[in-house]
Amino acid sequence: MATLAISKKRQREGTEHSSESRSSKEEDTLFSSSALADSDYDSTDSESSQFSGLSEDDSEEESETYSDTEHTPEEFQNQPSDIKINEYEYDSSDEEATISLVCMVVGYKEYCGKHSNALPQTGDELDHLIEQSENPDYWRTVKDPQTGQNIVLSREDCAVIQRIKSGKYADKDVNAFNIDWPSSFESEVEIHPLSNRPEDKRSFIPSKWERLKVGKMVHSMKMGWMKTPSQRKKELEEKNDEDDHYYDLWSNEDENDRSRLKMHIPAPKITLPGHAESYNPPPEYLFSKEERSKWQETDKEDRRQDFVPHKYSSMRAIPAFKNFMNERFARCLDLYLCPRQQKMRMNVNPEDLIPKLPQPKDLQPFLQLRLSHDSMTVECSVVYTGHKDLVRKISLDPLGQWMVSGSDDKTVKFWELHTGRCMKTLVLDDKVKSVAWCPNANISLVAVAVGNHVILVNPGLGDKLIVTKTDELLAESSPPEQEKGLVTTWSEYTSDSQEFTESNLRLKVTHSKSVSQISWHAKGDYFAATLSGAGNQSVIIHQLSKRRSQCPFSKPKGLVQCTLFHPNKPFLFVATQRYIRVYNLLKQELSRKLQANCKWISSMAIHPGGDNVITGSYDCRLHWFDMDLSTKPYQTLKHQKKAIRSVDIHKKYPLFASTSDDGSVVVCHGMVYNDLMQNPLIVPVKVLRGHVTTNGLNAIDCVFHPNQPWLLTSGADSTIRLFS
Amino acid sequence: MGRIKRKYEAGAATAYVSRKRALKKLQLSLADFRRLCILKGIYPHEPKHRKKVEKGSTAIKTYYFRKDIQFLLHEPIINKFRNFKVYTRKLKKAIDKGEDGQAKRLRQNKPKYKLDHIVKERYPSFVDAVRDLDDCLCLVFLFATLPRQQSAKFQTIQKCRRLSVEFLHYLIAAKALRKVFVSIKGIYYQAEIMGQTVTWVVPHARGFQKPTDVDFKVMSIFIEFYLSMLGFINYRLYSSLNISYPPQLELPADKHNSLRDMSAEERIEEMLAAMTQSLVPGLKSIDQAEVDEFPATGDEESGISEEIRKEQQSRSRLLKLFCNTKFFLGRETPRESLTFILRNFGAKVSWDPSVSAGATYLESDETITHQIVDRNQPPAKKYMNRYYVQPQWVYDCVNARNLLDVKDYLVGVVLPPHLSPFIEEGEDDYVPPERVQLLNRAEDEGKFNAACSSGFNV
């Protein structure tokens, strides 16, 4: 008891011990502090109170230091240690036991090694494990190697062990610094030095190395390399200021500096966000389920927008955009890694590309059409009825007073244009394929193609003088000598025959194959007949005055569709399915070959100037060739939905027309300028519809009036119509 | 006889250099070359005729202009790069040897470079710099929102914050903001500076997640250049408005607890960031330039001038948009964005002093006209003489250049869609019905205004 109390008192005195006690207190908190501990504390406190002149706190600390859950107060009072108790119980000398225990704990194995082997191990690993988990004092239970007993170390023992471990005296009361050592030499005064060695030279002269070092420092100070701390601080501040020093960089803007930026291509700016990117977009911008899944399926690069539109009820609800940083980073990469190139992009207003349409006023005269009451269909001026079957071909006399029409009902009818009265009807043996009025105004002749024959008719209309003169002319022209191997035979109707008097038939030219088309030369002496399926004899040129025929081609040139004479030059145009060949008749050579980009040319017409040709084709196209420009079409018009049957150009006015199976007749303005530099102006002007579709055919032929802006069309509904 | 002409000795083949050759020529590592390219604004060019440039090889390469590379060759900053390389080597050696003093001394003399001359070189005139401000602002504003992390140096982030706040202050003083747009990515602003349209986007102030696939090194090089560029631009802009740079504020007496334990510099920074106060003007005084009115001549010109006049009218209306209003912001609203916008158009703004520094009046102020609330319900204590509106109202008003009807934006009301002001629909494009409505309303008002003005003239 007494020793314990004294030890406590000493502990309070030594400040260095407080840390130890604190550490042991910390250890103590590991134990479960129960009511027992409290009672413990009470008892010790009462005991120690007589010594304590310190505050309550300290004493509390003390008491806790010694509180132990496992020991009852009685046991505690039996201290100094549990070991002693064990000693008596198990008959061993106290000295030895204590030492061996302490040594074992500290780890001086060699000291007590001889004893440790003697004892057998009790219990196996499993027992240890169970003990470990069940016994709260397991950590301070050691086995005495001499007795083989388990000993639970007390708090004091632990403290002693800790002190030894940390290299201190085992006894905490030992103060190594305050020991009164007996002074052994103080009483004697030494008169001789311990060593009689004379002092070194170096203790009298200054150090060379120090001088060198100091010299270096002085030099570096002089050079400004070495600085005092205050200088250094000042410098650092200046440096920092310099970093943030901004001034008017562009005070003297020099335009010459931009020379290097000549090749500079500025990076395109970021695209500005649209409505879809809004935090509260209109509902139509939000993704539907399909759109969303489609967006998720497409690759990142292919997505049209790099985000999913989302609607938030308030600004507070907007989360951080996950890819914001990535987007900025991608932009940075674009700025310095992406190759740049200037691309010329036509920034054209699409409306500028459309050629400026001339005013309708400028395009006149075109057909001044009257609209019917319902304003939907065009009323035609005159309708010529009388034919019983489709009217294949119509032709006008050079002055525009009379009209001839050939029909599939094997008749040829002559009409007065203005009144629509049928003047004459010729009944023939076969279907009439073509009719053509001689373009020479001084001759009254019409060529009619019937079967294998071309019949020349003097209609006997108009000026009597011309009619009689024509007959005289025909009589004058001598009949040719009959030669063998001729392609055609000319025969004359005798003046007393019925055909001559009643039908006014004058001459008949018989061919080997059926004649499909006739076209006159402008002078009216030559005319060309196109035979269908006759090989190299497809085109035959007849001379009226000499009643002679010639076959210009020795080789077949394909399926000839139609032939035409140039209005004022000795050229012959021959249209096959795809090409138009232009032959110079004088030189007898091919002068040009026009390529129509179509499959099957149906008809052809030539501009009165002779440099422009139009062709209609069965694949709905109308080509305008400017022969000065190229052999390819200058312009292709596709205004009609079905095959184009015929085309015609007005002799006086800048008009041309085309008829098609879809029932429309398109009239276009086609101005050809005398100025070679100016290309023809082609503008569609009118669409006429009048004929009734029969057997899939509608308007078949169209002819312009020679000097009025009138258009005549013949149709499959066996009528002829005049649009004026 | 002339010289024999050989292939690839002239023209496109010599005008371009591949990157590898450029590196060899410049004697730089790839990293240094990239840094140099970023700082100097050099980018690869796509040759017009690749075949000629490739000289027969089919490998896909990036090509630079030979002249660009030659120009880089004379850049003084290259030497700094080399110095820095030497510095890192020395420092590493010192650290590895444990020579602390040496390392410290080296660190003190760390080579630094300045980018002034490069800024001037890339943008010979000030307008050039303003024209190229978009990317700069986007990045600086993004970095200003970054937290203190490993991603960027704290000094850089701080500087970004400072410069961006300075820039916003300029815009407020110049009243240069024109359009705003709240998108899911961030808030877009468009301003008109020196006749140039500048657009930038600021991310929403939310938590920051460091993305994994972003190389912050590259971005920090960009930021390095952009910071010095923005600094000079700010200086110039401030001097153009006759405001002293760096910006100064007249600090009010310390009445807010939040600022009491700060140094004077920090306090100024805080107050600047709050953006509620105007800056102190500089010494010089500049006269306002005004354009005289010319009588219209001819038919076409009158049409143009009419358009200009209309635009001017709407602009002046925009600048006075919030002139006679006093706002109070709720703590849940995007405070920085709203303060910036409202102050731009002449409003007074404040918030609860506990939210942040810079509040100028309290909620109990009776003169407050609008209180911005982003909750489902208005606050418990309601004042009768003010509107409780949602923040979108402010953004929509700016874009419409008119004070919109508050009724559609009151607290708890389902908001009308927020439309982008940057879209100008063509004839064939789809126009959302809300926009059609808005345009019609604007047209009506324009007519009304015209009628009013003509009425006054009579």
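Visitor: Let's begin with chain A. What share of its contacts with a separation of 6 or more comes from residues 24 or more positions apart?

Guide: Before anything else, please keep in mind that this is a predicted model. In chain A, residues 24 or more positions apart account for 50% of the contacts with a separation of 6 or more.

Visitor: And how many helices and strands does chain A have?

Guide: Chain A has 18 helices and 33 strands, and of its 724 residues, 39% are buried.

Visitor: Let's zoom in on a helix. How far does H10 of chain B reach from its first C-alpha to its last?

Guide: Helix H10 of chain B covers residues 133–144, which is 12 residues, and it reaches 16 Å from its first C-alpha to its last, close to the 16 Å expected at 1.5 Å a residue.

Visitor: Why is H10(B) described as largely enclosed?

Guide: The reason is that 12 of the 12 residues of H10(B) are buried, so this helix is largely enclosed by the rest of the structure. Among the buried residues you will find B:Leu133, B:Asp134, B:Cys136, B:Phe141 and B:Ala144.

Visitor: Which elements do the buried residues of H10(B) pack against?

Guide: They pack against helix H14 (324–337) of chain A, and also against several elements of chain B, namely helix H9 (126–131), helix H11 (154–174), strand E4 (186–193), strand E5 (196–203) and helix H12 (216–240).

Visitor: You mentioned H11 and H12. At what angle do H11(B) and H12(B) pack?

Guide: H11(B) and H12(B) pack at an angle of about 30 degrees, and their axes are 10 Å apart. Because angles under 35 degrees count as roughly parallel, H11(B) is roughly parallel to H12(B).

Visitor: Is that crossing left-handed or right-handed, and which residues meet there?

Guide: The crossing of H11(B) and H12(B) is left-handed. On the H11(B) side the residues include B:Thr156, B:Cys160, B:Leu163, B:Phe167 and B:Tyr170, and those they meet in H12(B) include B:Ile223, B:Leu227, B:Gly231, B:Leu237 and B:Ser240.

Visitor: What about H2(B) and H5(B), how do their axes cross?

Guide: The axes of helix H2 (residues 19–26) and helix H5 (residues 66–73) of chain B come within 10 Å and cross at roughly 25 degrees. That makes H2(B) roughly parallel to H5(B), and the crossing of these two helices is right-handed. Where they meet, B:Ala22, B:Lys25 and B:Leu26 in H2(B) face B:Ile69, B:Leu72 and B:Leu73 in H5(B) in contact.

Visitor: New topic: is A:Cys158 buried or exposed?

Guide: A:Cys158, which is placed in helix H10 (residues 155–165) of chain A, is buried, with a relative accessible area of 10%. Not counting residues up to four places away in sequence, A:Cys158 touches A:Trp139, A:Arg140 and A:Leu153.

Visitor: How many residues apart in sequence are A:Cys158 and A:Arg140?

Guide: They are 18 residues apart in sequence, and 8.0 Å apart in space from C-alpha to C-alpha.

Visitor: Now the backbone. Which peptide bond is cis?

Guide: The peptide bond from B:Tyr245 to B:Pro246 is cis, with omega near -5 degrees. B:Pro246 is placed in the loop between H12 and helix H13 (257–260) of chain B.

Visitor: And where does A:Ser718 lie?

Guide: A:Ser718 lies in the loop between strand E32 (711–715) and strand E33 (719–723) of chain A, and its phi is near 60 degrees, a positive value in a residue other than glycine. A:Ser718 is buried, with a relative accessible area of 15%.

Visitor: Last one: what is phi of B:Lys175 near?

Guide: Phi of B:Lys175 is near 55 degrees, which is a positive value in a residue other than glycine. B:Lys175 lies in the loop between H11 and strand E3 (177–182) of chain B, and at 27% relative accessibility it counts as partly exposed.

Terms used: Residues numbered from 1 in each chain as written. Chains lettered and ligands numbered in written order. Predicted model: local features only at pLDDT ≥ 70, side-chain atom pairs only at ≥ 80, totals over all residues. Heavy atoms only, no water. Helix = DSSP H or I, 4+ residues; strand = E, 2+ residues; numbered from the N terminus. Buried < 20%, exposed > 50% of the residue type's maximum accessible area, 1.4 Å probe, protein only. Contact = heavy atoms within 4.5 Å. Expected span 1.5 Å × (residues − 1). Axes fitted to C-alpha atoms, helices over the stretch in contact; angles between N-to-C directions. Parallel < 35°, antiparallel > 145°, perpendicular 65-115°, else oblique. Left-handed = near helix turned anticlockwise from the far one by under 90°.
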